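Here's a quick briefing on a ligand site and the domains around it. Have a look at the model first, then we'll walk through the details.

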Amino acid sequence: MRFYLIALFSLFSSILFAGGTDDLLYKGPPVFHGPTVTGNFPGTEFLFTVPATGQRPITFSALQLPTGLSVDATTGIIRGVVHEKGTYTATITASNALGKSEEVLKIEIGDKLCLTPAMGWNSWNVFTNTLDEKLVMEIADAMVSSGMRDVGYQYINMDDYWHDSTRATDGSPVANPKKFPHGIKWLSDYVHARGLKLGVYSDAGDKTCGKCFGGFQHEEIDAKVYADWGVDLLKYDFCFVPWKKSEAIARYKKMGEALKGSGRSVVYSICNWGLFKPWEWGPEVGGNYWRTTPDIFDLWRGGIPFMMSTMRIIKRQNKILEYGTPGHWNDPDMLIVGNYGKGKATGRNGMFKGMTDTEYQSHMSLWAIMNAPLLSSCDLRNMNEATKNILLNTEILAINQDEAGKPVQLVNKKNGIWLYKKVLQDGSCAVAVFNTSKKEKKFELTATSLQLNAAGNVRDVWKHSDLGMLNKQILLTVQGHETIVLKISNIQ
Ligand code: GAL
């Protein structure tokens with residue numbers, strides 16, 4: 001629930017959104033984004049940056065924060081440790097020279113993390129083995145300077161190849177000292193100082209897919225050292241593990257328990273490429289999200305069994321849309337928006353040419369409405385305008401971060417148009433009209449086609465423009481491979 005305190009504000013925001021670029025968001029009164037709920041374990045470090053845009057400086061304050069937390073007035077970063085379990089509702093205020101706004105932030109101190117899909121970045125698709133400290137620092141800085149932090153991106157996830165060649169003699173994990181001269185604790189301090197969180201990567205086998213040391217039979221010591229390092233997320237892969245369901249469950253559970261006992265709130269990302277249906281057992285092994293398919297590659301269609309195109313992933317995803325609840329999400333792999341075939345992994349060094357901006361926009365639309373983690377894998381230091389517009393569209397992000405976390409439904413597939421609907425917390429619904437064909441198509445949107453009992457106001461989320469009431473049909477023109485995303489509110 002968000003309250004806007006000054007009358008001017010709504011006028012301002014309609015001017016800002018009306019067909020303008022999102023750049024304007026950074027020049028107006030404060031507007032909140034991102035989740036309205038966040039979870040943490042009791043007695044562990046808490047860090048949450050209130051995502052807000054608007055002309056800086058913005059001053060933040062908070063009422064009814066649980067004992068142990070405080071908000072930094074200039075950055076909006078909330079830190080501390082809460083010992084008492086409970087659901088706390090804090091009121092956050094943000095004000096600047098142009099106005100003031102308030103939002104209610106629910107803080108769940110208990111056994112749940114990742115109550116809305118994780119948003120952040122991952123090193124793998126573009127950088128693979130060139131990951132190092134300097135890159136992580138530059139990406140953290142870019143996440144701030146690009147405005148991504150202000151719209152809710154949070155995690156900087158280091159994937160494979162942060163490791164030294166062996167563990168220490170006592171078995172503890174060690175980072176490559178050449179790549180990480182200051183060590184991971186120092187790096188996590190750097191990331192945390194900016195209100196962001198740090199992720200690492202390991203594997204349920206004794207080696208990672210890149211043949212660095214894996215976590216098998218080192219679960220406790222790894223979880224403990226990760227916690228000492230200040231790590232906030234672990235992605236746990238499946239190379240060098242016998243392909244058996246019982247093995248997968250046992251190994252993921254072992255690490256899940258180790259993380260829970262580590263004394264830190266560490267989000268757990270299961271990466272076994274959808275083998276043995278992790279959507280059925282992911283929650284019980286402590287997973288917050290689980291990969292549903294092999295790796296994404298930077299191509300629209302085609303691919304081979306272990307190289308998935310975007311379309312192949314979407315088709316697979318269509319079969320398991322009903323899985324996922326707050327804290328436990330399907331993960332159809334990272335976002336490749338803005339990679340344009342340049343990723344070392346996803347572009348296969350020039351083998352794939354990448355996708356068009358329209359296709360990247362569809363990729364983002366569907367990941368958002370399907371409640372997927374939104375982990376960008378492009379080079380955040382060098383994003384073009386099209387990439388920024390796709391990754392930073394706050395109305396799209398709001399659909400993904402909706403507090404209710406209800407699963408999307410595939411309502412209809414007709415004439416190459418796939419129609420998706422997700423009911424949101426406030427009773428409105430998000431709709432994606434996805435043109436799977438190369439050719440432009442017309443689509444007649446009606447309340448009946450959406451299985452709605454009544455009409456509502458229709459807003460084009462990508463264009464930030466209102467299309468009127470759905471009491472009669474609205475004719476949409478959808479470009480080849482385009483997805484039009486709509487929000488239908490005040491349904492009555
Ligand atoms: C794959 C995984 C990728 C990446 C890679 C690292 O198994 O699916 O996302 O983590 O390993 O080697």
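A residue counts as near a molecule if one of its heavy atoms lies within 4 Å of it. This is a predicted model, so to speak of local features pLDDT must be at least 70, and side-chain atom pairs count only at pLDDT 80 or more, while totals for chains, interfaces and linings use all residues. Residues are numbered from 1 along each chain as its sequence is written, and side-chain values use heavy atoms, with hydrogens and water left out.

**Ligand shell**
- There are 13 residues around the ligand, and Asp 159, Asp 160, Lys 235, Asp 237 and Asp 295 come nearest.
- By class, that shell holds six nonpolar, one polar and six charged residues (Asp, Glu, Lys and Arg count as charged; Gly is among the polar ones).

**Polar contacts** (pairs of N or O atoms within 3.5 Å)
- The side chain of Asp 295 puts an N or O atom 2.5 Å from a ligand oxygen.
- For the side chain of Asp 159, the distance to a ligand oxygen is 2.6 Å.
- Trp 273 has a polar side-chain atom 3.0 Å from an oxygen of the ligand.
- The protein covers 95% of the 310 Å² of accessible area that the ligand has on its own (Shrake-Rupley method, 1.4 Å probe).

**Domains**
- The domain assignment gives domain 1 (2-109), domain 2 (119-400) and domain 3 (409-489); such bounds come from an automatic or database assignment.
- C-alpha centres of domain 1 and domain 2 are 26 Å apart.
- Their contact (heavy atoms within 4.5 Å) takes 19 residues from domain 1 and 21 residues from domain 2.

Terms used
A polar contact is a pair of N or O atoms within 3.5 Å; within protein, one must be able to donate a hydrogen and the other to accept it, and residues adjacent in sequence count only if both atoms are side-chain atoms.
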